[in-house]
Structure formats: structure tokens, C-alpha cells
Amino acid sequence: PVPSPHPRPSIPLQDIRNTVGNIPMEWYQDFPHIGYNLDGKKIYKPIRSKDELDMFLEKMENPDYWRTVQDKMTGADIKLTDEQVELVHRLQKGQFGDIHFNPYEPAVDFFTHEVMIHPVTNRPADKRSFIPSLIEKEKVSKLVHAIKMGWIKPRKPKDDTPTYYDLWAHEDPNSILGRHKMHVPAPKMKLPGHEESYNPPPEYLLSEEEQLAWEQQEAAERKLNFVPQQYRCLRAVPAYTRFIHERFERCLDLYLCPRQRKMRVRASPTPPSPFQRGLCLPRCHPASQGHTLLLLKARSPSLTLLSWDGAISPSGSGAHDRSDDGTVRFWEVCTARCMKTLPAGGVVKSVAWNPNPTICLVAVCVEQSVLLINPCLGDKLLYGATDQLLESYVAPEEERVQPVHWVPASAEEHARGVRLLVQHSKAVKQVTWHGKGDYFASVVADSGNRQVLIHQSSKRWSQSPFRKSRGLVQRVLFHPLRPYFFVATQRYVRVYNLLKQELTKKLMTNCKWVSSMAVHPAGDNIICGSYDSKLAWFDLDLSTRPYQLLRTWRGDWGYPNPVLTHFSPCSDLLQNPLLVPVKVLKGHAVTLDLGVLDVLFHPTQPWVFSSGADGTIRLYT
Amino acid sequence: RRLCILKGIYPHEPKHKKKVNKGSTAPRTFYLLKDIKFLLHEPIVNKFREYKVFVRKLRKAYGKGEWGTVDRLKDNKPTYKLDHIVKERYPTFVDALRDLDDALSMCFLFSTFPRTGKCHVQTIQLCRRLAVEFLNYVIASRSLRKVFLSIKGIYYQAEVLGQPVTWITPYTFAHDHPTDVDYRVMATFTEFYTTLLGFVNFRLYHSLNLLYPPKIDGQADVELKPVEGKEYAMDSESYLEKLSALSASLARVVAPTPEDEVEMDEFPVEGETAEQMDLRKKEQEALEKHKNLFEGLRFFLNREVPREPLAFIIRCFGGQVSWDKSLCIGATYDVSDPSITHQIVDRPRVQQQVVGRYYLQPQWVFDSVNAKLCLPVADYFPGVLLPPHLSPFVTEQEGDYIPPEKLKLLAMQRGENPGDEESEEEEEEEEEEEEDDNDKEEEEEEDESEKEEEVKLKKMEEQKTQSNKALPVKVTAGKLRLEDRQRLEQEQQSEEKRLAIMMMKKREKYLYKKIMFGKKRKIREANKLAAKRKAHDTAVKEEKKKSKKARRA
């Protein structure tokens, strides 16, 4: 073993037998010997093979066990002498090792503390102690110069505490600039609710599922940024760990969040009633009395298929309807009686009263022909005059080529009321009268250019106005006042000027397959209904696109409950016309998925007629 | 960034994000050019630059080891003041009061920070001083209105010159400082807030005729002097501590005279009816009553209750308060004082009870303040299961869920007899449920009514056909149809509503649907809470029954 390079702290007693010197003894730990003697033989450690039991026995039996120490240098046990034990005790107590040492001996000055008149040393003072220092002078002059030049300033009096004064002593309104008005103040912190309480009502505590959901949510998604908790007393409430976080987030919000003024609509949750918009008139008729005054039971109960169309005579006394069973029935509204039943001889597609009050004539489409019927109802003079008018026809000299045949009725038919037969080449879909009552138009279920025909009843003369087909014609109508003619095809409504014989307008309906069309009596507005349950409303003065599109019914065909709409195109130009649904009329039972088939207003009275698939006609007031 | 914080410049959301952001919609913050230009004219920018130079010089001196220079530089550290910025941001005092919420919360938080690291000791001391001054002002003006013990901290709301000022203080525990918080940002905010709060405090003290660096009333000051003559702490420190004890009133510039309290002259405001006047007068009276809620009561705080908030609240409402002398300076009377009326205790049992005083849990003080009346003490005895602590900041609108405790409280405030609370409560609960049901019913009604009418019509038709069949026409006595007016009206309304919805434009309809959705969600939530409560109540009842049975058996 190599001697230790570090000098160990001195060990007072150098054992003679220790030949290895002052080295860490653990180097010899695994060897049976410690060092070598002069002959080069190993010096063995004393044998120490005592186990625990031996040690214990020795401890018990040996009276000097307590003063036996192991010498690390040699590995031998040494029994301390009495003096040595005494020394250990003294050292443990913090006393000096030497018994005879007196720590409190009287202090003796080695030099007098009294001030003497003579100096201690006799050395004369230096010369430099009598003359001012040059270095100091230099330094001072530098400082003086710096002060003169203003490089060094006198120290400011230290004052940490900020001074406050009345900052807002002179508030002048002029100091509120536009900047302050434009300033968007940060929204205040949200005030805490019941759930934030340290002792909230039990319903605000989260159940286990809610808690799980809360934990799984993203921090930004959570509705509450804490879990409500209940503590039994104030003492038990711990510190909120995220307090500093929240303050910091608030700070970040204050200076990093973009601010924006948002216009909030302060809408009342109730939808604005149409009547609140300054519209109060139309309530009276449908609203005053909810229900049917009059129930017209059309046919025997076994008959289920039904009236297609209701029409009311212009004078308002008679209504009439027709049905798929091939009859036309005339009703008197006042008495609710069926006045007359005409077998038409085929499925009736459409009926129309002559709008002229002096003529008592009904046009009826039966399969391929249009019948002009004089119902012989009402004023005798009136229907007599009508018959006369029809009979006064004088055939022209030269026969003109016509698209249809005008056939006067046979005697048998005449007795039933039929006056004229207009035979078309194909089935007729619709017939409509001109406002004057002389002309009428019919629509043929054809795809050619002869879909629309215009007839003049007094001259028994017909013509096909169009040279070219422009799609399937659904509906045709005359303008009530001016010489215009509306033709509704599946997508468009075309407006023709009958005098100039030209197309004036093409209205885009934006709906799929126009089903019906109606013109306002003043002629400025058109409403088109379509199979995709829309109502397109055109103002002819404005544009060719719908002024308003209304989504109405869920079903397209037999809508179970007709919606009565009020249409008030105001004569006043300043006020916008309105289209307002006013009332839902109920009453018809739904049969074969068909509800109401047709609705009609009475020309003079505030009455509405509706015919339903259940075989009734109902009158609403 | 610092400048933006100090000057209160915030980013704006551009109207056309793509236009501003060169076509991309990536999230970026946009400032108004005007605002940034405005920042450039700020004189404090120069101060910041000076400070930067100072830091550079100091670093250099350190590096060279020129200690003399370091000292000199440190002596001449550039400082800046934010006074003009405060004035500029808040041209009127009311503006400043409106923005006081965050300032107060921040100051209260900073004043609880330890004085080691994190931020300057001076800042913390200043915050503490300002916060204590503000508390003293609130006591002197008695402007505290609401308090709330939340799990986050204690919320206070005071009405300062008509402006509600809300702040939150954390519970007094050591903070474990989070690592992901930038303390420099917070320190910048605090820098501004302390300036603001200082000026606001000054103004507020002067509005009450108090001296501004607040001085404790001379008489009280003498009382507060430690009797032993031993200096408790250094003068400046003890001053703040005495102030923060919140137990002494403050010195006034003009000593108040008892005759000062003359009734205010009444100036009728034009266009105000007598009714309104009465209403206002009543309100005023109620407010006055609320302010003097604890007048004449003497409280003693046990050492386990949080001293500062309770002392503050009690003093705000005119009560007298004291605590153990060893707990804090400023105790005015001892536990053994016989005139004590309430002792606030927060331990399950009190060993030696003195007759003639209530032993109460601290929640009583908070609840009483919120209820604006001294609540019955029975619910708040030590060891008793406390009633829930409700938030005073919630004002329930119609249709919102109201916890039954709140209903009870409202009834109590109206002055109704709390004796029949139970039944009332139940009734009200039932009412609530009914209300909820109504909404559902309405929806159903429409369909029902349709069906009913159809049935009626069918009957009528049958009658008619029958009468037709039986040819000898017979007039049967008509049945008087009783019309349910209300029902009809409801039907009418619902129908009108549906028609109106049909009429709405697309945008309006969208909005309407959104509103209705929100409403429905609200109702759903309220229902959920009510159901939860009901379940809880039944569970509690069951348990009670069980325990009763167990006791009997």
C-alpha cells in the first residue's frame, strides 16, 4: 500500500508496532495483517472472530467493557486507564484537558493604559505630513471641475413614497375627447353565482357524471372554470390554487383581447304579430267567428271524390260546384240548398261564372269540350236576356278555319241548360273568363302551340294566340282591367299585351312547377302558388322577380288547413303592400290524403268558401 | 407592451379580416394605426429609453467592478410618474371609479404576496397601504353593500359615489406561485393601478373630509398605544398595522359635531310624482337601515376566524369589534367583557360559554349583510349544519331557477312570518313546477284543440244527417257549448304566433329560433336544477325518517 498523499491530522500516540504509518486503515481491511516488521514478516492483526453473541457475553461479563476501546491502528483492544477516562470526561464537559490549567488568571497589562506625555517612539514626523497632498488636490480639483461643468449633480433627496394630490380638482368637460368616447371599456368580471359559494345549495354541486364530463372537457369549453364544492365551515375552505392564474388571465384579456362593439338585437322573444305592425283591419272577419256557419253537404255519404272547384256567381247569390262524378251542382248560399244538378257527361275539370253581372252563363270544362251553360237560376229577366244574346248570333258568310268546333246544344241538352258546346281536339284543363264577360280562354292538355285558346262567345269564334309552345301551360288569366293576358307555364309567368299582340313581361317565379295563379282585382299584383309549397308574389310595377317568397304548407297538394292570407296592396304608394297570413281555417276532414281542394272569396260578402275532399263545402265568415 | 398596458391601448377586431391580413384569416392581433401613433407622442417613452440606458450603464459598471460608479448610478436611477396618464385615461373621477374593480383586486392580491422575490418589496408595501386605506374609506363612508364567500376568495361590493365597485380578495394562505404566469405583466398593471388607486383614495378621503395620509383618531390612538411602553415595532410599520387593524376611526379635517346630522332638505325633482318620491324615500330609508345593520352590537372574533374581513364587514355596518390581544394590534376589549353581544366562533364546540351572548359561525355575518337584516341566529350556532350560502350578485329573472332558500329569504325580507315557511316553500315549489309544465302544455294544446274541434264538427254533422234522415223535421234542443274563454284566447294567441313566425323574414326567423333555443335551454337547466333539488330533498327526508325509526326502535 502506498502511503497517503494527504497528511492526516496528527494522532498523538504513535504505536511502535504500527509500521504502516498514518494511512487510512481501511486499506488493510481485507487483509489479516497490518504492515510488516523489520524482517519483512507480516504483522498479524489480533484475531477478532467474535460474533454478536460473544460480544454480548463479553459486554455482560467484562466489568471493564465500558472502558475498552479498539485501537484502529493496530486493531488491538486497549483498556483505558483512570487518568485517560478522566480526560475523556473533562473533554466531554468542555473543560480543559489539563487539570491544573487555570483559565481565570488575573490579566496583566503588557502596556500601560494611562496616557503618557512622551511619545512611545522617538521618530520625528515626516515632511509630507506637514504639506497638503498633491494627489488629493488633483482629485479635488477634478471633482470641482466636474461640479462646475455640471457633470456631477447633488444627490436627489430620496423619496420612495409617491405623493398624491387631487388629480381631478379641475374637471373640465373639454378634456373628454373623441378618444374617450370611442373607447370601449373592458367588460367587467363576471359576478359569481350560487355555485361558486363555499357552501352552495346542494343542487349546484356536480353529480359524478357531470364531474366526469367536466374533467373531460377542454378548459376553454367548460361552462364553469371550477368545480363547485361544499365545505362545512369557513375554517375548512382552502386557498384557491388558480387565483393568480385568473388574475393574470384577466390582465391578458385587458391588454391583448381585441375589443369590438357588438350591436345586440334587443328583440322580444315573441314574434312580432302582423297586427302589431300597424295592421288591424283584417282581423274582423275570420277572427270574430271561428267557424262554419254553413255546411254544404255535397253528395250522398258514399261519394267520396269530390268537387274540384267552387265558383260563385258574380251577384253572389248562387254558388256552384262540380265533381268528378260528372255533375255540376248549383247551390243557393242563403238557404244552403242544392238548386240544380246537371249531369255533365264526363269528369268536370273546371267551372267559371261569367263575371258580367248582366249575363247568366257558366263555362264548364268536360273532357274535350267547354260547355256554356245557362243555369236558369235567379232573375228570370237575366237568364232570358242571356239566352236571347246567345241566340242573336248570326253565322258569318264565309266559314273561317277555327281550331275548335262551336256546336249549338241539342234540344235535350238545351232543356238541361246547356247552350253551346265548344269542342276541342284534346281534353280541356281550365277555363277562365275575361272581365267583360265576352271572351274566355281555355287551356288544353296538349304540348303543342295550341295549348291556350281564346274564344269569343258572342261571335262564336276562337283563335290560338301563340305560334310556338313555351312549355306546359298551367294556368291562364285575363288582366281584370287592361288588355293583358297572363300565361303561367311551369317556371314562368308570361304577360302578353293582347292589343299589341306581343310579350310584355316574363316573370321568374323561382319555384318548381307553378300550380296556381291569382291576380289582384287592381291588376298590379300577382301571386303564384307552386307545388313546392311556396307563394311567389310579384309586383308588376317593380320587377320580374318575386317581391316576396312565402313558404307555406308542408304538403303540396291537399293542404289540410288552408291559410287565409290577407293581401293589402295599399293604394297609397308610400306604404308597402303587405302579404300577411291571417287565419288558419280548420274543419275539413282529411280523406285520401287530400284536405281542402279549393278556396274562394265571396265577391261582396266577407265570406270564404272552401271545398274539401271529404265531400263538403264550407262557408267561413 | 408596457406602454400599451399603461396607456390602455387594446387591439381591435378588423371589419374585414381578409382585407387587412393580406388575404389570410390566420389569427393575428390588430391595433389601430391611430392608437400606435398616439403612443409615440407619449413623453414616458423617453423615460423608458433613459431607463434602458441606465440599465446598460449599470451592467457595464458592474462588469468593470467600478463600485463607486455603481453607487452613483444607483443613486440617480431614473424614475417616472404615471399621473398624467391616469388623468388622460380617466378625464373625470367617475370614469376612474368605473375602472376600479380590477385595480382593487390586483392590489389586494399583491398585498398578500410574500416579500421575497417575485416583485419589489416596495410595490407590495404600497399595495398593502393603498388597500388598507381603501378599506378604511369604505368603513368611514359605510358604503359596503354585498359580500360573498366563494371558493375562490371573498367578494365585496361597495357603492362608491353611486358606482358599484366589486373586488375579490384571496383567502389568507401562502400562494404557491405558478410558473406559467408572467409576473412582469402583472407588475406593470399593478404599477398603473397603484397610481390610480392612490389618487382615487386621496379624492375619496377628501370627499369625506378625512385627512389623506389617513391618521387614526387622536383619542383612539392613545388607546391603541401599547400599555407596557415597549416599542412594538418601528413607527412607520406600526402605523400601517394600526391602520390595518381597522378598529379605529379616522381623524377628520373638521371635527364632526353631533348636530351635524340635519335632515336633508327635499328638493322635488321636476317631472316626478309623489309616488316616485315616496318610493325613493322608502329606498333611502332602507339603505340607511342597511347601513346601520350592526349598530350597537359588540362582536368578538375568536382567533380561528379570518380577522380582517370580518372586522371590516362588521365595522362597515356600524358594529363594534374586538379580538384577542395577542392576535393583532388594535383589540379594544377583552373576551370577558360582559357587553359583548355576539362572539364569532368557527369551531365545532365552545368550551366555556358566557351567558348573554350569541356564539355564531362567521357565515351569519355574511348572510345578514346580504339579507339586509339580522337573520335568526338559530341556524348559525357552532357545530350546526349551516344553511347554504347564496350569492347576492344573482338577481333571478322570471323563469330562472330560484333555490328555495332564496325564496325563504325573500319572504323574510318582505316581512312575512317565517313560521309557515315550510308550507310556503312547498307551495312555491309547486308553483314553479306548474310554470314549467305550462310551457309544455301550450305546445300540446294546439294539437289537442284541433282534434277536439274536429270531433265536435263530426258530431254536428252526424246530428244533421240524422235529422235529414228522419224526415219529419224535428228541432232538438241545442246544447249550450261552454266556451273556455281563456283557452280560446290562448289558442288564438298561439295561432297568431305561428302565423307571425310564418311571416318572418329569413334573418328574423333565424334570430327568433336562436332566442327560442336559448330560452328553452334556460328552462331545461332550471328544470334540471329543480329536479336535482327535489331528489336531494327526498333523500334527506328519507334519511331523517330512517334515523327517527332507528331512534324509536
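## Accessibility and the Arg242(A) pair

A residue is called buried when its relative accessible area is under 20%, exposed when it is over 50%, and partly exposed in between. By this scale Arg242(A), with a relative accessible area of 34%, is partly exposed. The structure discussed here is a predicted model.

The side chain of Arg242(A) meets that of Glu249(A) in a salt bridge, with an N to O distance of 3.1 Å. Glu249(A) also counts as partly exposed, because its relative accessibility is 36%.

## A salt bridge between chains

Asp102(B) and Arg247(A) form a salt bridge in which the closest N and O atoms are 3.7 Å apart. Asp102(B) belongs to helix H8 (residues 100-111) of chain B and Arg247(A) to helix H6 (residues 243-256) of chain A, so this pair joins two chains.

Both partners fall under the cut-off of 20% for burial. Asp102(B) is buried, with a relative accessible area of 10%, and Arg247(A) is likewise buried, at 5% relative accessibility.

## Other salt bridges

Over all chains, the count of salt bridges comes to 27. One of the pairs is Arg123(A) with Asp126(A), whose closest N and O atoms are 3.9 Å apart. Arg123(A) counts as exposed, given its relative accessibility of 65%, whereas Asp126(A), at 29%, counts as partly exposed.

Salt bridges also link several residues into a network, which consists of Glu203(A), Glu405(B), Arg533(B) and Asp537(B).

## Positive patch on chain B

The surface of chain B carries a positive patch, formed by Arg49(B), Lys52(B), Arg56(B), Lys57(B), Arg59(B), Lys60(B), Lys64(B) and Arg72(B). Helix H4 (residues 44-64) of chain B supplies the largest share of this patch, namely seven residues.

Lys52(B) is located in helix H4 of chain B. With a relative accessible area of 61%, Lys52(B) is exposed; membership of a patch requires over 30% relative accessible area and no salt bridge. As a general point, an α-helix has 3.6 residues a turn, so residues three or four places apart point the same way.

## The enclosed helix H15 of chain B

How many residues of helix H15 (residues 363-371) of chain B are buried? The number is nine of the nine, so this helix is largely enclosed by the rest of the structure. The buried residues of H15(B) are Gln363(B), Trp364(B), Val365(B), Phe366(B), Asp367(B), Ser368(B), Val369(B), Asn370(B) and Ala371(B).

Lys372(B) follows H15(B) and has a positive phi, near 65°.

## Cysteines

The count of disulfides over all chains comes to zero, where a disulfide would need a pair of cysteine sulfur atoms within 2.5 Å. Two cysteines may be described by their accessibility. Cys365(A) is buried, with a relative accessible area of 0%, while Cys374(B), with a value of 36%, is partly exposed.

## A loop residue in chain A

Ala445(A) is placed in the loop between strand E16 (439-444) and strand E17 (452-456) of chain A. Its relative accessibility is 41%, and Ala445(A) therefore counts as partly exposed. In sequence, Ala445(A) and Lys426(A) are 19 residues apart; in space, their C-alpha to C-alpha distance is 6.4 Å.

Methods. Residues are numbered from 1 along each chain as its sequence is written. Chains are lettered from A and ligands numbered from 1 in the order in which they are written. This is a predicted model: local features need pLDDT of at least 70, side-chain atom pairs count only at pLDDT 80 or more; totals for chains, interfaces and linings use all residues. Side-chain values use heavy atoms; hydrogens and water are left out. Patches are made of residues with over 30% relative accessible area and no salt bridge: like charges are joined within 9 Å, nonpolar side chains (Val, Leu, Ile, Met, Phe, Trp, Tyr) within 5 Å. Accessible areas come from the Shrake-Rupley method with a 1.4 Å probe; for residues, only the protein chains shown count as cover. A salt bridge is a side-chain nitrogen of Lys or Arg within 4 Å of a carboxyl oxygen of Asp or Glu. Lys and Arg count as positive and Asp and Glu as negative; His and the chain ends are not counted. The place of a charge is taken as NZ of Lys, CZ of Arg, CG of Asp or CD of Glu. Helices (H or I, at least four residues) and strands (E, at least two) are DSSP runs, numbered from the N terminus. Buried means under 20% relative accessible area, exposed over 50%, partly exposed in between (1.4 Å probe, protein chains only).
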